[in-house]
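Open your viewer and get ready to select residues. This tour tells you where to click next.

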Amino acid sequence: MATTHESIDMFPLHRVPVTRPFIWLSEGWDDLWHHPQASLAYGALTVLLGSLILAYDRHPVYIATTIAAFLLVGPIITAGICELSRSRDHGEETNFGHSLKSLRPRRSELMHFAETLLFIAVAGFGITALALYSTTGSIAPALESTLWGDVMAQLSRVQRTAYLLSCTGLAGVVFALSVVTVPMIIDRHVDAGTAMHMSLRAALRDFPAMLVWALLIIALVAFGFATKLIGMVLVLPLLGHATWNAYRDIVEEA
């Protein structure tokens with residue numbers, strides 16, 4: 001199926017109230033339990049990937065690498081979950097295999113989006129590392145010194161601040177580019193650039209609602225990590241289905 005290159009003006013946006021993200025979560029919860037096996041299967045895949053972060057989290061370079069890997073495959077997992085919601089809305093088959101098969105025509109645009117996020121992550125971490133090296137002469141403790149020790153205790157205050165700012169900035173950019181990107185690609189068959197542009201428009205247009213949505217995502221993801229990723233089995237499919245419902249609210253019907 002060919003990608004359509006629509007004008008951005010072809011997709012007007014609805015304004016959403018600041019409390020609307022709570023509705024998206026409620027609707028996402030309903031979607032999750034409409035097809036729990038398929039939804040939770042995607043959650044389990046996320047846990048397997050996230051376990052790489054927890055398996056060895058004692059060096060910033062390793063953490064940066066695993067975050068970059070997650071940004072590369074995350075949009076594909078999210079797309080599968082959104083496809084379950086889309087299929088339900090259209091009265092189509094809703095199972096894990098069908099949701100993956102339905103993504104095949106969109107894989108090039110989904111990979112383009114994932115590669116964009118990966119590039120942003122690599123660039124962000126690279127700039128941070130360069131800034132640290134030019135000012136302190138070191139980007140992190142030596143790898144061998146962190147094998148059995150607490151890496152946070154060995155990072156200097158400057159290094160901790162730099163990595164915190166880098167991760168915060170990366171999270172903000174990724175969120176702004178992701179508000180409606182994945183569901184637009186699978187539902188409207190647009191190219192990744194158009195979908196990301198629409199997400200930026202939505203993030204800036206309804207900033208208060210988007211801020212609430214971002215904080216809810218942070219809280220849920222934090223819960224998932226606080227439970228040693230067990231909670232992520234539910235959190236990721238919930239957020240994926242909620243993202244589909246956010247898209248339905250934000251982007252007007254064609």
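Contact here means heavy atoms within 4.5 Å. This is a predicted model: local features need pLDDT of at least 70, side-chain atom pairs count only at pLDDT 80 or more, and totals for chains, interfaces and linings use all residues. Residues are numbered from 1 along each chain as its sequence is written, and side-chain values use heavy atoms, with hydrogens and water left out.

**Stop one: His35.** Select His35, in the loop between helix H1 (20–34) and helix H2 (36–55). Helices are DSSP runs of H or I, at least four residues, numbered from the N terminus. Is His35 buried or exposed? His35 is buried, because its relative accessible area is 4%. Buried means under 20%, exposed over 50%, and partly exposed in between (1.4 Å probe, protein chains only). Now show what His35 touches beyond four places in sequence: Leu84, Ser85, Arg88, Thr94 and His241.

**Stop two: the core.** A nonpolar core is a set of buried Ala, Val, Leu, Ile, Met, Phe, Trp, Tyr and Cys residues joined through side-chain atoms within 4.5 Å. The largest one has 50 residues; Met184, Met210, Ile250 and Val251 touch the most other members. Helix H11 gives the largest share of this core, 9 residues. Next, pick Met210. Beyond four places in sequence, its contacts include Val16, Trp24, Phe175 and Ile250. A second, separate core has 6 residues, among them Ala38, Ile77, Ile81 and Leu236.

**Stop three: helix H10.** Select Ile218 in helix H10 (residues 207–226). Ile218 is exposed, because its relative accessible area is 54%.

How values were computed. Helices (H or I, at least four residues) and strands (E, at least two) are DSSP runs, numbered from the N terminus.
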